Amino acid sequence: MIRVKVGQLLRLPSVLSEMGYRVIVPTESNGVTKFADFATDSGIDLHYVRAINAPRDFLLPDGEKLFSYRSTATVTSYGLKIRFPTVEGPCPVTINAEYTAPSGRIAFFAIHPCHANSIRYLDSVMLSDPADPYYRARRDGMLTVVMECEEGDDHCFCVPAESWELEEGYCDILVRRSGDGFLLQPRSEAGKKAASRLEAQEELGSIKERPPKMRTSFRIHASEEDIDRGEAKGIDSCTLCAACTVTCPTCYCSDIEDRFHLVDPSNVERVRKRMSCQRRCYSMIAGGNIFLKTKEDRYRWRLKHKFPFSSKAFGISGCVGCGNCIAFCPAGIDMRRTVGRGTNK
Amino acid sequence: MKAEENPYVPKSATVVAVKNESLETKTLRIRLYNWKAEFQPGQFVQLLLPGVGEAPFCIASSPSDQKHMDLTIIRRGLVTIASHYMRPGDVVGIRGPFGRPFPVSRIVGKDLLIVGTGIGIAALRSLILFLVEHREDYGELNLLYGARFPEDLVYRDEMKYWAEKMNLKVTLSKASPEWGGLRGRVTDHLDGVVKGKGQVAILCGSPLVMRSISGELLERGLKADQIFVSLERHMKCGIGKCARCLIPGGWHVCKDGPVFSLDEISLEAIGD
Ligand SMILES: Cc1cc2nc3c(=O)[nH]c(=O)nc-3n(C[C@H](O)[C@H](O)[C@H](O)COP(=O)(O)OP(=O)(O)OC[C@H]3O[C@@H](n4cnc5c(N)ncnc54)[C@H](O)[C@@H]3O)c2cc1C
Ligand code: SF4
Ligand code: SF4
Ligand code: FES
């Protein structure tokens, strides 16, 4: 364990950068904290409780190109035309997908334990057989500097969600505020290497994560029946804005589509975009059948995907209790009312 | 990362024949280019039309031909309409086969009731052809096929060969006066084909129909683990990564299904 001054802690992103990592740091602008690529003039926010985005946005970026290929489309005076080969020209015998796997190693600086656990969840989804090659390439060699929270805000519930503890592999350096400085506990070889480059004082002993202070306490009851029966009062005022799923660090639902540019429509890109269960087209199948018809259906579905479906399919809960879906909901919809029992509030 | 290891990259195939099945439906016969597909009845593929997009379709041909696949496609939107403009020689991309097939080996020797409605019959054709090829391995075969109008019926020319190997009933819910066959919904014609306990039922069609038939079959004594439904959901990835195809119970239709037995899922999970 080492003790550093704030200046040294803030040097860690540059150190990681020098070690070859792409470094993601929490930055503050207009009163909102957002993770972004580190630059020497990044205003790093070490005091945030809540961030509007999450590691997910870097490991599974929205709008990621999966590959590109050439089609036979052309623009004619009538507009866009997909030229089918036998009618008007030679037939390409194969679809040649061109792509490059994402390369480089990523480092997350000053994420919270809930963020680290959101990565653990995404791993269990994306690395289960067959592994997602794009996610795997981004995630391989990842380093995380996890900053402890002392106290959550009104929306946090990582203690009831049991996501304040850190599994092996999800924390390379643990950071704790202490006096006017910080204690750093490297937990892996990579973490040790990075920490050794800081000017620090050796300290005896070691630190282990501890639960932050919560403003509410309750137990989560979230089987499918619990969620079906749970209260959903106020769901009428849901605006279907999808802020809950956009800001959730574990939401990963996606759409895949073909995109081309009108200047050269034969150059097609297949792109993976984020999708939200709050949208109508999410569950629509041909013929117009929609499985999630009402706001209430979609609300309960979101919770089911987080809790029982994830436990069943991946053996891990999909909610890390960060509270983003509550904090950023314009309609004040609070899932704790549906799945929380025995609340002290 | 090599292309073969990337589950998002399609393999090339060529359309070799197009057959008009009905006003809204065509069957594309696709030849796989430099590769073979080991598939089983009930599995599906993602078909990529270059420059248009991708959509999931059940393989409608016999698994004994690993160089070809038939896809029977009803026009519904972007990809499906574009597929109707395909001509022999056109190049397409195929991902898959995906999904858990019908349990053809587990039900050897059993009496089968197969019910298909609408385009659901496409998902059953592979099974039907398989059963025709392995007729002696199975007991009594009943096939009940429901559509709305006579013009909606697909595989019309093949049906007479199927009828030689199994008891085939076709019913139309909106038949014209000239129609000489059965009328009404499939649920109206379960008498005579449902034998009760010991029989295995396989259903594919609209969620509402599958749900009401499932309920009926359970009442008539079929066991939940002997009733199989093939489900349809919005699907993008086909490999459990996009979460679009989740159903109650936490199953992925693309990976764990599309075929489920009724002891695995609730009737509600079939949808409505
Ligand atoms: C496992 C499976 C097997 C299928 N087998 C067949 C088959 O054998 N024959 C057949 O004709 N159809 C089949 N379908 C339905 C077929 O996939 C849809 O008709 C097709 O995806 C519509 O695509 P589109 O681009 O033409 O429609 P779009 O223009 O994209 O949209 C039209 C409608 O189709 C829905 N849709 C779009 N994409 C999908 C998708 N990926 N999955 C499901 N619905 C979607 C949309 O929500 C919309 O309601 C199957 C679907 C599944 C999931
Ligand atoms: S953030 Fe709130 S209002 Fe917006 S879709 Fe989610 S629950 Fe509805
Ligand atoms: S569901 Fe809400 S509380 Fe749970 S991880 Fe997502 S945003 Fe955070
Ligand atoms: S189709 Fe993407 S998870 Fe099933």
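The second largest pocket is lined by 25 residues. Those nearest its centre are A:F291, A:W301, A:K304, B:P248 and B:E268. This is a predicted model, in which local features need pLDDT of at least 70 and side-chain atom pairs count only at pLDDT 80 or more, while totals for chains, interfaces and linings use all residues. Residues are numbered from 1 along each chain as its sequence is written, chains are lettered from A and ligands numbered from 1 in the order in which they are written, and side-chain values use heavy atoms, with hydrogens and water left out.

The pocket holds about 570 Å³ of space. A pocket here is an open set of points on a 1 Å grid over the protein atoms alone, with protein on both sides within 12 Å along at least five of seven lines; lining residues have an atom within 4 Å of a point. Grid points are joined across faces, edges and corners, and a volume is the space filled by probe spheres set on the points. Four elements each supply at least two residues of this lining: α8 (224–229) and α10 (295–314) of chain A, and β13 (246–247) and α5 (267–270) of chain B. Helices (H or I, at least four residues) and strands (E, at least two) are DSSP runs, numbered from the N terminus. The largest share, four residues, comes from α10(A). By class, the lining has nine nonpolar, five polar and 11 charged residues. Ala, Val, Leu, Ile, Met, Phe, Trp, Tyr, Cys and Pro count as nonpolar, Asp, Glu, Lys and Arg as charged, and the others, Gly among them, as polar.

Now to ligand 1. Residues from chains A and B surround ligand 1, so the site is shared between chains. There are 22 residues around ligand 1, and B:P56, B:T72, B:L78, B:T80 and B:M235 come nearest. A residue counts as near a molecule if one of its heavy atoms lies within 4 Å of it. The shell has 15 nonpolar, four polar and three charged residues.

Next come its polar contacts (pairs of N or O atoms within 3.5 Å). A polar backbone atom of B:P56 lies 2.6 Å from an oxygen atom of ligand 1. On chain A, a polar backbone atom of A:A286 is 3.3 Å from an oxygen atom of the ligand. A nitrogen atom of ligand 1 lies 3.4 Å from a polar side-chain atom of B:H234. Taken alone, ligand 1 exposes 870 Å², and the protein buries 88% of that. These areas come from the Shrake-Rupley method with a 1.4 Å probe.

Three elements of chain B give two or more residues to the shell around ligand 1: β4 (53–58), β5 (68–74) and α1 (78–83). β4(B) gives the most, with four residues. Domain 1 (11–98) and domain 2 (111–271) of chain B each contribute at least three residues to this shell. The domain bounds come from an automatic or database domain assignment.

Ligand 3 has a shell drawn from chain A, including A:F157, A:K306, A:N324 and A:M335. Several cysteines are also in this shell, among them A:C248, A:C319, A:C322 and A:C325. By class, the shell has eight nonpolar, three polar and one charged residues.

Rolling a probe the size of a water molecule over the atoms shows where empty space is left. A cavity is a set of points where a 1.4 Å probe fits but cannot get out. The count comes to seven cavities of 30 Å³ or more. About 200 Å³ of space lies in the largest cavity. Of the 23 residues that line the largest cavity, A:V49, A:H112, A:C114, A:C149 and A:C156 are the closest to its centre. Helix α5 (residues 113–126) of chain A gives the most to this lining, with three residues. The lining has 13 nonpolar, five polar and five charged residues.

The second largest cavity holds about 120 Å³. It is lined by 16 residues, with A:C238, A:C244, A:R302, A:C329 and A:I333 closest to its centre. By class, the lining has 13 nonpolar, two polar and one charged residues.

Last, the backbone. A cis peptide bond joins B:G96 and B:P97, with omega about 0 degrees. B:P97 sits in strand β6 (residues 91–98) of chain B. Another cis peptide bond joins B:G257 and B:P258, with omega about 5 degrees. B:P258 is in the loop between β14 (251–252) and β15 (259–261) of chain B. On chain A, A:E162 is not a glycine, yet has a positive phi of about 55 degrees. A:E162 is found in the loop between β8 (143–147) and β9 (173–178).

Note on methods:
A polar contact is a pair of N or O atoms within 3.5 Å; within protein, one must be able to donate a hydrogen and the other to accept it, and residues adjacent in sequence count only if both atoms are side-chain atoms.
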